[in-house]
Each structure stands twice: as C-alpha cells, then as structure tokens.
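Let's take a walk through this one together, a stop at a time.

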Amino acid sequence: MSGSHQPPRWVLGFLAVLCRSDVLEEIEGDLLEFYDEWTKDGKRGSDLLFVWHALKFLRPHTLKRPFYHSKRSYMLRNHITVSLRQIIRAKGYAALNVLSLTLGMVAFILIQLWVGFEWSVDSFHEKKSRLYSVYYTAKGVDAPIGGYRIPWGYKSPTWNFKEDFTDQLMASLPGIAKATEYQALYELPWGYPHTFQLGEKIHKIKGSLVEEDLLDMFSVKILAGQQVGALTKATDIVISERMSNLFFDSPAAAVGKTLRYENRKDLVVTAVFEDLPSNSSLQFDYLLSWKLLHTGEVYNASGTSMIFLLLEEAASVAQIEPLFKNFLHERLVGHVEEEVNLGLIPFDEMHLHSDFVNGVPEGGRVEYLNLFTWVGIFILALATFNFSGLATARSVRRSKEIGIRKAIGSSRSQLVGQFLVESVLLSLIAISFSLVIVQLMLPILNTALDLKLSFPYGETSFWLMIAGITICTGVLSGAYPALYLAFQHINKMLRKEFKLSPGAVRFQKGLVLFQSFVTTSMLLWTIVVYHQTQYVRNSDLGYDREGIIYISVEGELTTKYLLFKEELTKMPGIAQVDRSSEAPHEMKFEVADAINWQGKEPGQQVGFFPTSVGFDYLEMMDLQVAEGRGFSRSVTTDTAAFMINKVAAKQIGMEDPVGKWISAWDKRGQIIGVLEDYHINSLHEPIRPLIVDVKEDLYFGNILIKTRPGQMADAIRSTELVAKQINPNYAVDIKFLDVEYGKMYKSELIASKLGSGFTLIAIMISCLGLLGLAVVAAEQRRKEMGVRKVLGASLVDLIGIFTKKFVVLVSIASLIALPVTYLFLRDWLQGFAYHIALSWLHFFAVLFASLVLAFLSISIQALKTARLDPVDTLKLE
Amino acid sequence: MRKVYIGELEEVILLLVAMLQEEAYGVAITKEIQSQLSRNISVSAVHATLHRLEKKGYVESFMGGATSERGGRRKRFFKVTPAGGAILKEIQTARDLLWSRLPPNAWTT
C-alpha cells in the first residue's frame, strides 16, 4: 500500500457488517488493491469510486444470511414489490407526491448547500481556534457604533503611518503570539486594483497590504519560493498562482523575478501561494509588505485597517480583552473619547457577524442563514405533510386491501412496514430526481446570485444528509397513515363504506392550516422584501447615477487630470468629466477631530464625510443647492471655499451657514453654499454630515465621466483611448456607478431572489396538496353531489359546498400568519434607515392571492365533480 | 445431453482462470478483461461470476498466504477443475465444428 491515502473507513465497516465473513477478506483485499491504483490520479474521485464499487459488492452471494435469506428480508422484498405495484396502479397520485417531495427536497438541498458554504467560510485555516479579529467600539450619535476596520486615529493619534501598532500591541499585552495589520488595497474609500507590469504585459490586480506574520497565521499554502520570511523586505511581493500565470510560465518560474508596481517601484517575487478558495473572506492575489506604507511608496487605501491576532495556546480572550481599553487610552491621551475600546471575535465568525449593535458584532449574514435554514425545513415539512394528508385521504380507497391483509393474518408491524416501505420508496424516487435537478440548477443559481457553490460529490457528510432527508421524509410522511390504518378495526375496514375517523379529519385540517400558514407568511415576506429591494434600487438618491462611469486617479493621471479632462470632453459619447476624491455612492471616510467651524463649542465633535471635487461636479451629478451657490471657476477664492449639506448645518447647529467659516485639517474657508441632502452611502445608513471643497490636483480619487444618453459604447471606447494615451503604463478599469451602487445590496438581493424562488416552490407544493385532497374528496362525494344535483342544486351551489371547508381553513391560517410575519418584517425593515411603509395593501394582496390560489386548486376538481351526470354517479347503487 | 450451460462471461473468466494459473484471483482477472478484451467490467461482477462457476463445479478456490500488501488481506485464488476443463474443451469442439462448416462467403464484408 502506498500508505499516503486511506479509503473512507466507514465503507469497510459497512461491508464488515453486511458481508459473509468467508468472502469479506477477498472483497476488501481486491477493493483496496484497486483503491491504491485509483489514488494515483488523486484522492477525491477515488473515494467515490471506492464507495461505488463497495456498494456493487452487495449481492446475494456476498450478503450474510439475515440480510438476504431471512423471513424479514423476503418480507421487505415483498413490500417493495407491492409498493411498486401500488405506485404503478395509481400513477397520478404517485406523480403528485413525487413532484411535491422533489420540489421540497430541491429547495432544502439548495438551501443547505448555500448555508453550508457560508458556514464553511474561513474554516479552512488550521489555526482558526486561536485566530481572532479585532473590532473597535466608539461613540455614535444615539448608541455606540463599531466595526472591523480600525480607524487610523486609534492606532496613531498623529496619523503617523510609520508607527507599528501591532508591535506595540504585542509588547504591551500578554498572550499574543503573532499579529498583523491587513488592508485590502482595492477597498473604498480610496482603494482600487493596482497595476503590475512586466514588459508588454500590464494587469490590474486586487491585492492586500499585510505584515509578514500573516503568512504564518493563516493557511496560505506556498507553492514555490520561500516558505518562511517571504515578506520581510519592503520590496518583497508574494503572488497567487493565478497572478503568476498571468505574467510567467509557472509558479516556480516566477520566484525571484521582478514586477513593476504602479510604474513606481520594482518588487521581487519571493513566493507564490495557492489561489485562495472561494470560501475565504479575505481575498487577494498578491501581498505587499506593510513596510511599503512606512516608506510612503504605497498609498493608504482606506485610512483604516483590520487587525488579526494569533493568540498563544494558553491565552484566552477573557484575559486579553479587559486590557485593551487601558492600552488605547494611555497611548492616545486626550485624543479619544471615553467609549472607545477594542474587542476580539474569532476570525472565522467575522464574516457571519457583519453587523454591529451597540458597538459589538451581532447578527448580519448569520440572520439570513438561520432564516433560510428554517425556510428549507418548512418547505420540506410542507411536502412531507402533503404526502401524509394525501395518504390519509386515500386510505379510504385502500381500506379493503388492508382489511383483507388483516383478515388473513398480517400483523400490525407488517402493515406499518408495508406503508413505510411505500413512502420511503417514493421519497427515494423523489431524492434521485432532486439530485439531478439540484445539479442542473447550481450553475444557474451561481450566476444569478453571484455565488460559487459546487456539488459536493466526494463529501461523506453531504451523502449522509441526503440519506437522512430520504429516510426522514419517507418515514415521517408515511407514519400517520401507516399507524392510522394499521390500528383501525378490521370490521370497519371491510364494511362497505369506510369513513375517516374524526381524528383523521382533524389531522387533515391541521395539515391544511399549517401549509397555508407557511405559504402565506412566505408570500408576504417575499412581496415586502421584493418591494423594499426595488425601492432601494430605484429610489432617488438626490444625485444622478445613470450613465455615469468612473476610473481611478492613478499614474500619470495624478498630474495630468486637467489634460485628460480636456481631451476626453472632446471625444464622442462624453457629456462631461469631473472628479471626486470619494466614490459618490459609498463614502467610507469619516473624520471628526479635523473639522472645526465658527462657533464650535469646546469638546463638540461631529463626524463629517469629507470629499474634494472638481468645479463641474455639482452640475454633472445634478446636485441641488439649497442655500447660497455652488463652486465657480470665475471666483478665484472658491478654491478655498467649502460647501456642506443640510444635515451638517443642522448637526453643528449653525443657522445661516452661508458666509461663516469652516475648516478641514489646515484648510480654512468660507461656506459658500448648502447642498440639499443626498445619499452618500447605502440606504441602510441615514444621510450624514458632508463637507465638500474643490481640489483638482489630488493624487487620489476617481474621475467620473457622464456619458451621453444611448452612447455608452462610444463613451467607453473614448475613455479607454484617452486613458491609454495619457496613462500608457496602466490598464484601464472602468466602473459603472449604478452597478457599483447595486452591489451594496448584495445580501438583500440574494435574500429577495432566493426568497421568491422558494416561495414559488412552497406555493406549488401547497397547491399540489390541496389539489390532491380535492381529488380524493371529489371521489368520495360523488354520490352526495349527484343527490344534491337531482334535488336541484346549481353548479355554483355545488362548487361552493365543495370549496367552503378549504377556503375557511386557508382564511384562518392567513389571518394568523399575517400578523406574525408583520412583526418579523418590521424588524427587518428597521435595518434600513430608509424603507417602505408596510401598508394594508400588502396584507390584502397576500390574503387575496392565498385565497385565489386555494380556490383555483380546489375548484377545478369541484367543477369536474359537479358537472358529472347524476345518472352516472348514482347508478352504482 | 449437456448438463449445465455456461454464459459468455463465465466462459471468458473460466478461460482466464486457466490462463493465469497461479495468479488467478479477482483483481488480476478483472485487469486482464479490461486490458486484453478492452471490456469495462467491475471487480464485483467478476467475483459474482467466479462464485457461480464455483457453485457449478468448474473452478475451485483456496486462500493464499498472508502478505503485507492489500492492507494485510489474503487473496482467494482459483483453479479450473477437471469438469471446468472438460466444458471448455466441449465448447471449443462445438465451435470448431460449426466454423469448419461455414461456407467461404458466409457474410459479405
């Protein structure tokens, strides 16, 4: 044996339990011999092959006696035969059940795959039990706020980039083995993918700035180059396999080579790492040394950074956390407020707990995961209950069969077994269909939701889950009808008319209630979430985001912006060109202590979002001036002037701001105008104070380009052309403002799309259930309908009598479901600073829709029965 | 009167057991079929066939010695019995007879 690979041990155990001992050894031996050969082409597939071939060994001659040649085994085979005959006999009924089970299973499996993926994020780091992220807590307007991106001011009150915060942290606090700062160089407010060049090859690539400890803390697998100390020098760069393939022939060929970075500095590739898996929350294609920031050769992308710690084996969070406050306040005397503090959260939980409540991580993505897990369970329950309800209803038809079985001596357990085998068999058929459908749907789901899910063929846990679902749904759905029929008295069963007992009728009603409850809740939820998502995407932000594209200020553009603007404005498709230091839709940079104003009281602090723009910015973005005027080229002092928004004026308590002075850092000037409030961040957040000035020579920021309506293609060509001319050493990366804006609502969009898909499934399952019940009821009430018809009942009367019971049930369920869902939705909407109002219209629409759907599913059958000629229905008597 | 018929796969495997002599066991036979006849067959199917042949009395089997290979599992080796040899011969003779009676242009190519 090669020894390096081991087949799944449970398979061998499984064989040992089932197979005769005299053939077990040769089977195992032969399988292991083949396994050795398979593993030469990799482990993943060979495990699967091993399982498959082991399963194929389960044949009559290899199985132990009790598993094949026993009474129980013969009985089981008889049950299967009988079940298959039943399925074939009532094809429509079986198809209905399989369809609804399949729908339920598909929904459940898809949700599990997605939820499982989200839970697996960051779980691949070997040292994850000791890895922690630092978060900060600070004073907010109403309640404390918090975040993972530590503001620079907390690390160095003087904004000295050369201070090494993590070194000081490790020196002052016990129990920290390693620590690193982490800044994604492409993150907002000022980040973008940086440019690398090798000869003719120019690429823009996303990467991060880290300290050398990072490679020892996280499981980043080095494929070639230095295993340790790969980021010790400022000129060191570690790149991904993907990036090495862009520039070089192979990872090994990349090591030791030089790449031109931002046309500014030559960096030496010291190591190549394996591409990060998609379930890593940190994503980067290269790592630069933090020392570059010290030398000023890389710009600070965000004014914040994340900090990750690797604790010592013996250290605990409880021991370190209380020391943070003192540490911070000692270093930052007079610069921080009392509330400012740091805290720790396990690194692999950071991704799921993205929201902060009272300055502490709480909720976020994990809430959606829990919600959808429940949705999956409920949908599967719907399908299971469908089956139960239908089987109970149909038992009337099979009462004769069961009665005779009982009469000739079948035991209760055998009867129960017969029914359970039947339901497990249907559930097996359904699961095979669902697995095929899930496979077909995964790529669609991935594109629609921008996910990276894959079908886990090789994962034992997945197959165990599938087996679990099959058996659970099979047994649960078959349990009630099986027990119900097995325990009925034989006399009752063989009587001419077998009627369901009151208990069974109540059971059926309960099922209908539950189904309607779930579907109505989901329907309301989906409609409101959809409505809110539409609202967010289409609402007027106070500026014009249609037809606007932007690129980063970089390379030659840092000095030749005016030339670029002049050249580009002449080109086809371009309406206007201007600049902003911040991305207009997502202004991440907030500052309080650097802003002063006329009449500021000592100690008063208001967080401002500063941005520097060009002269035409207001006009291009269609921003409205509430008081005073906008910036003008003709007024020479306007380069020293400021504008603020209405919220800012209100928060600093300034009346008639126009003409008063305000200052940002060491620049001081007049407020020449007040802007109408417009959204500077996603609608989750309220509009915050804004301060705007004109700076056309900043070395960072974005150049925004307004395209002429309908000439987007021309505009993009023009922009690429002019950018290539003026800035030849950089690749052009054009972004669309409306697309970037939409990205801020990714999780809401996923929730909305998934939600509507699953609601549709739930509705379909419920309708199938009602349809099935209606079919059975119609059959039972044929005579009754016939008699009524003879006595003069009209078609409408008959349909009314038939549907009344169901409609009442659905109404009751909806009336319970709507308020419950309302409470839940109110909380969800509270997560947005700007949201739609829940109106009666939502509730009426949902109630109406539920009733119509229920009515339609039933009335088709009702109509069919009602239209039958009484001569046919009554003649049997 | 022929007592027992054997199938095509049984015939092939019986021949291979005869051919492989001391090395006739599950994996070896499977690989021979896969390589010599380019026929995709799973090892479990081979086992099942061998089991049938043994029941019909055409092969007999014995366990080999313990080795460190295959996780320490012993191999079951097969040997053709005189009855197995007889039926192989019988098939061969019957086929030869039929072949010899084929007219020269039995089918067009």
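**Helix pairs in chain A, then a look at chain B**

Start with helix α27 (residues 795-830) of chain A and helix α28 (residues 840-867) of chain A, which pack with their axes 8 Å apart and at an angle of about 155°. Keep in mind as you look that this is a predicted model. An angle over 145° counts as roughly antiparallel, so that is what α27(A) and α28(A) are to each other. The crossing of α27(A) past α28(A) is right-handed. What sort of residues make up the contact of α27(A) with α28(A), by class? Sorting them gives 19 nonpolar, 5 polar and 1 charged residues.

While you're on helix α27 of chain A, find A:D827, which sits in that helix. Is A:D827 buried or exposed? Its relative accessible area is 55%, and the cut-off for exposed is over 50%, so A:D827 counts as exposed. Now pick out A:D355 as well: A:D827 and A:D355 are 472 residues apart in sequence, yet their C-alpha atoms are 14 Å apart in space.

Which residues do the touching between α8(A) and α13(A)? From α8(A) you have A:F165, A:Q168, A:L169 and A:S172, and they meet A:F324, A:F327 and A:R331 in α13(A). By class, that contact has 4 nonpolar, 2 polar and 1 charged residues.

Now hop over to chain B. Its secondary structure comes to 4 helices and 2 strands, and if you trace the chain from the N terminus, the elements run α-α-α-β-β-α. How spread out is chain B? The globule rule gives 13 Å for 109 residues, but the radius of gyration of chain B is 16 Å, well over that value, so the chain is more spread out than a compact globule. Along the principal axes, the C-alpha atoms of chain B fill a box of roughly 55 × 35 × 20 Å.

Buried residues account for 39% of its 109 residues. And if you take the contacts in chain B between residues at least 6 apart in sequence, 51% of them join residues at least 24 apart.

Methods: Residues are numbered from 1 along each chain as its sequence is written. Chains are lettered from A and ligands numbered from 1 in the order in which they are written. This is a predicted model: local features need pLDDT of at least 70, side-chain atom pairs count only at pLDDT 80 or more; totals for chains, interfaces and linings use all residues. Side-chain values use heavy atoms; hydrogens and water are left out. Axes are lines fitted to C-alpha atoms, for helices over the stretch in contact, and angles run from 0 to 180 degrees between N-to-C directions. Angles under 35 degrees count as roughly parallel, over 145 as roughly antiparallel, 65 to 115 as roughly perpendicular and the rest as oblique. A crossing is left-handed if the near helix is turned anticlockwise from the far one by less than a right angle, and right-handed if clockwise. Ala, Val, Leu, Ile, Met, Phe, Trp, Tyr, Cys and Pro count as nonpolar, Asp, Glu, Lys and Arg as charged, and the others, Gly among them, as polar. The radius of gyration is taken over C-alpha atoms; the globule rule is 2.2 Å times the number of residues to the power 0.38. Buried means under 20% relative accessible area, exposed over 50%, partly exposed in between (1.4 Å probe, protein chains only). Contact means heavy atoms within 4.5 Å.
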